[in-house]
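Please look through the sequence and the model shown here before reading on.

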Amino acid sequence: IAMLIGLFVIWMVLRFAAVPFGALIVNGNEKMDFDDVYAAAGVQDGRVNVIQLSPDAIKNRMEKDLRIASVDVTRKFPATIEINMKERVPIAVITTMYGFAYIDGTGTVIDLAPQIKGISVPLVTGKKVDTLLLGDSVHSAALTGAIQYLDALDENIRKGITEINVGNPDGVIVYTDDGTPIHLGSIDNPKERAKVTKDMLDEVKQKHLQVQYIETDPTAPLVKVDE
């Protein structure tokens, strides 16, 4: 009985007193530091007490943070809570009336800036959006298709793209860092066009071709070379 009473007292102290207990493990935070993650998880003053923390509550709080794309939280015996998270990353930047909006793969605005930062992502040209706020989503067909196309590309290919021009919704054009135009048409099938882009760029690299442009129509892909 004395032991049970003692355990109950210890549990009550750990449950309600401002004392640290256990460990909080965080995986996947590359840009967010641990203080930011703790704040997003609802950990007060960086003091971890896993008895006072709820994995479901942590998950719900973190899913509301615009910097976080996805999160999974599990409790592990005897006194550990593990957070596995994935941060949102920009894949394009759009010009707005007041500066620039950074967009992630879901088409969500995750950052705003008066000037382009040192983040190397493709610039969307040919269309200026009046106003975009944090958390807003792009809705025009051309912008949505462009974002879906960029998101479907391999990261190493996307890093080689400097611009995507959506001025003509039926004739969207991507430009690589060496000036090669990649024709996307109306981007009616962005994922398939992303696959065609990879295949065509691989062919260009393997054969050392001098290219005028690349056509990504899935029914008739083409690498137009210099005569």
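The paragraphs below take up a helix, a strand residue and a set of paired strands.

The model is predicted, so local features need pLDDT of at least 70 and side-chain atom pairs count only at pLDDT 80 or more, while totals for chains, interfaces and linings use all residues. Residues are numbered from 1 along each chain as its sequence is written, and side-chain values use heavy atoms, with hydrogens and water left out.

Helices (H or I, at least four residues) and strands (E, at least two) are DSSP runs, numbered from the N terminus. In helix α3 (residues 55-63), the buried residues are Pro 55, Ile 58 and Met 62; buried means under 20% relative accessible area, with a 1.4 Å probe and protein chains only. Seen down the axis of α3, these residues fall within an arc of 60°, so they line one face of the helix. The arc is taken over the directions from the helix axis to the C-beta atoms. Their cover includes α2 (34-41), β2 (68-76) and β3 (80-87).

Strand β3 contains Thr 80, which is buried at a relative accessible area of 18%. Leaving aside neighbours within four places in sequence, Thr 80 is in contact (heavy atoms within 4.5 Å) with Ala 23, Ile 25, Val 50, Thr 74 and Arg 75.

Further along, strands β10 (residues 181-185) and β11 (residues 211-215) pair in the parallel sense over two bridges; pairing requires at least two DSSP bridges between two strands. His 183 has Glu 215 in β11 as its bridge partner. β11 also joins β12 (residues 222-225), antiparallel, through four bridges. There Tyr 213 stands opposite Lys 224 of β12. Six residues lie between β11 and β12 in the hairpin that they form.

Methods: Buried means under 20% relative accessible area, exposed over 50%, partly exposed in between (1.4 Å probe, protein chains only).
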